[in-house]
Amino acid sequence: MSGESWHVFLMFGFFIVLTFVCGLYCILVTRNLIRTIIGLELLIKAVTLLVIVAGYITGRTAVTQAMVITIIVIEVVVAAIASGIALRVFRSNDSLDVRELKRLKG
């Protein structure tokens with residue numbers, strides 16, 4: 001790894017780790033479904049940024065672009081489905097608390 005690549009990896013690596021930790025903390029601490037979805041989005045953003053940095057360092061930008069577009073499409077689908085589930089849970093329970101999900105039947 002050259003000096004410039006190492007510098008880029010360190011600079012973006014800090015933000016990747018910071019975003020990943022924020023997302024993980026958001027998922028582990030909260031009991032709100034919307035906050036959980038936001039935490040999941042933060043985790044996916046950290047992984048996306050990691051893929052971009054890895055592609056830049058290795059010089060394989062075409063493969064990286066294809067992977068990032070795929071990740072973004074999957075991320076949007078997951079967010080849409082999770083938001084739909086959260087909306088349905090809110091309509092049936094009048095709450096987004098995950099502890100209320102134990103009362104669901106069917």
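Select helix H2 (33-58) and look at how it sits against H1: H2 is among the things that cover the buried residues of H1, with contact meaning heavy atoms within 4.5 Å. Helices here are DSSP runs (H or I, at least four residues), numbered from the N terminus. Before going on, note that this is a predicted model, where local features need pLDDT of at least 70 and side-chain atom pairs count only at pLDDT 80 or more, while totals for chains, interfaces and linings use all residues. Residues are numbered from 1 along each chain as its sequence is written, and side-chain values use heavy atoms, with hydrogens and water left out.

**Along H1**

Now pick out Ser5, Val8, Gly13, Ile16, Gly23 and Cys26: these are buried in H1. Buried means under 20% relative accessible area, exposed over 50%, and partly exposed in between (1.4 Å probe, protein chains only).

Stop at Phe12, where H1 bends by about 25°. That bend is the angle between axes fitted to the seven residues ending there and the seven starting there.

(Rings of Phe, Tyr and Trp, using its six-membered ring, pair if their centres lie within 6.5 Å; planes under 30 degrees apart are stacked, over 60 edge-to-face, the rest tilted.) Phe14 counts as exposed because its relative accessibility is 53%; Phe15, at 44%, is partly exposed.

**Two cysteines**

Cys22 is partly exposed at 39% relative accessibility, whereas Cys26 is buried at 19%.

**Charged pairs**

Last stop: the whole structure has 2 salt bridges, each a side-chain nitrogen of Lys or Arg within 4 Å of a carboxyl oxygen of Asp or Glu. Select Lys45 and Glu75, whose closest N and O atoms are 2.8 Å apart. This pair links distant parts of the chain, with Lys45 in H2 and Glu75 in helix H3 (residues 61-93), 30 residues apart. Lys45 is partly exposed at 45% relative accessibility, but Glu75 is buried at 4%.

Then jump to Arg99 and Asp97, whose side chains meet in a salt bridge (2.8 Å, N to O). Asp97 counts as buried, at 16% relative accessibility.

Definitions and conventions. Helices (H or I, at least four residues) and strands (E, at least two) are DSSP runs, numbered from the N terminus.
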